Each structure stands twice: as C-alpha cells, then as structure tokens.
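Subject: Structure handover

Hello,

Here is the structure I promised to pass on. Please open it first, then read my notes below.

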Amino acid sequence: MSAQTYLAYDFPLLSAFWAMLWFFLWIMWFVLLFRVVFDIFRDDSLSGWAKTGWMVFCIVLPFLGVFVYVIARGKNMGRREIAHAREQQEAMDSYIRETARGGDDRPSRVDELTRLSEIRARGDITDEEFRKAKDLVLSGSGPSASSPHATSTSGR
C-alpha cells in the first residue's frame, strides 16, 4: 500500500467542489486584472510613462504586477472608482434635467404661469394684465415677466 491516494479523486463530490473552487478563483483573477487595468487608465495623476510602466509590468509578470499594483496603489482604487461613479451620475442627472427642461434656458410654461399667479396674488398686476400675460404664455409668444408686468404702472 505504498500508492498515494488523493482524497479529492476518491470522492466525486470533492472533485466537483475542487473544480468549482479553481473556476471561481480563475474568474476572480480576471475581475481583479481588469479592475487594475481600468484603474491604470482612469487615474489622471499618473503620467503616460507611469501608465505604460504599470501596464508592461502587469502584462510581463501578470500575477506579480497586479499584486504589487494592488499593494502600492490599491488604497486609492476605491476612491477613484467612487469619483468616477459620481461623475457619471452627475452627468446623467444634468442630462435628465436638460432633457426634461426642453434644452433651452427659458423657464417652462408651468413655471411662468406659477410666477404670474404669484404676482397677481401679491397685487402687482390686475386681473386683466394677468389674463393677457397668461394668453401670451400659452400661445408661446414670449415670457410673462416682460409683457404686462414690465409695463404696469398701477403703483401697487
């Protein structure tokens, strides 16, 4: 009985577990490798030569290069990732605001009508001026503040 036996091959379930473990580690290695490569290119504080050096190090000696990068620069990888995610979120939010507003700098008709009703409620314009301004806003002829309110001389 001098033959060596391997426990993983005596029990098929352990063999399957062992294969899944290696497969999981292989996938995790590629995730880490791609995160490091993306971080190298995303980092604006690195010069072009530094980025090239890190990439050559990660290509020539991939395991050592990635692990040294994670040790040397891994502390700020998360910060750069969060900053990038915030920039993307801000860009998306501004795009949504711009699209919802209609793309121009003029206030929407609802905003203009709200402002007109507030001006009328304060007593700065008469009901007739309000009606004329409302008609202008709804017809799209112009902003409400420049029409009747600017010409109002009622002194209220």
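One definition before the findings. A helix axis here is a line fitted to C-alpha atoms, taken over the stretch in contact, and the angle between two axes runs from 0 to 180 degrees between N-to-C directions. An angle over 145 degrees counts as roughly antiparallel. Please also keep in mind that this is a predicted model.

**Overall**

The protein has eight helices and zero strands. Along the sequence the pattern reads α-α-α-α-α-α-α-α. Of the 156 residues, 21% are buried. Take the contacts with a separation of 6 or more: 49% of them join residues 24 or more positions apart.

**The α6 and α7 pair**

Two packed helices are described by the angle between their axes and the distance between the axes. For α6 and α7 (residues 127-139), the angle is about 175° and the axes are 10 Å apart. That makes the two helices roughly antiparallel. On the α6 side, the contact is made by Arg109, Glu112, Leu113, Leu116, Ser117 and Arg120. On the α7 side, it is made by Asp127, Phe130, Ala133, Lys134, Val137, Leu138 and Ser139.

Now α6 by itself. Which residues of α6 are buried? They are Glu112, Leu116 and Ile119. Seen down the axis of α6, these buried residues fall within an arc of 60°, so they line one face of the helix. The general rule behind such a face is simple. An α-helix has 3.6 residues a turn, so residues three or four places apart point the same way. On the other side of α6, Val110, Ala121 and Arg122 are exposed. Glu112 and Leu116 are buried, and both also take part in the contact with α7. Just after α6 comes Gly123, with a positive phi of about 90°.

**Helix α3**

This helix runs over residues 48-60 and has 13 residues. It reaches 18 Å from its first C-alpha to its last, close to the 18 Å expected at 1.5 Å a residue. Its buried residues are Lys51, Trp54, Met55 and Cys58. Viewed down the axis of α3, they fall within an arc of 100°, so they line one face of the helix. What do they pack against? They pack against α2 and α4 (62-73). On the other side of α3, Trp49 and Val60 are exposed.

Ala50 is also in α3. Its relative accessibility is 25%, so Ala50 counts as partly exposed. Ala50 and Ile40 are ten residues apart along the chain, and their C-alpha atoms are separated by 9.0 Å.

**The listed transmembrane regions**

Under "transmembrane region", the unreviewed UniProt entry lists residues 12-34 and 54-72. Residues 12-34 are 100% helix and 0% strand, with end C-alpha atoms 33 Å apart. Residues 54-72 are 95% helix and 0% strand, with end C-alpha atoms 11 Å apart.

Is Phe34 buried or partly exposed? At 46% relative accessibility, Phe34 counts as partly exposed. Phe34 and Val66 are 32 residues apart in sequence, yet their C-alpha atoms are 9.7 Å apart in space.

That is the handover.

Best wishes

Key:
Residues numbered from 1 in each chain as written. Predicted model: local features only at pLDDT ≥ 70, side-chain atom pairs only at ≥ 80, totals over all residues. Heavy atoms only, no water. Buried < 20%, exposed > 50% of the residue type's maximum accessible area, 1.4 Å probe, protein only. Helix = DSSP H or I, 4+ residues; strand = E, 2+ residues; numbered from the N terminus. Arc of directions from axis to C-beta. UniProt positions renumbered as here; feature names shortened; annotations may be inferred. Parallel < 35°, antiparallel > 145°, perpendicular 65-115°, else oblique. Contact = heavy atoms within 4.5 Å. Expected span 1.5 Å × (residues − 1).
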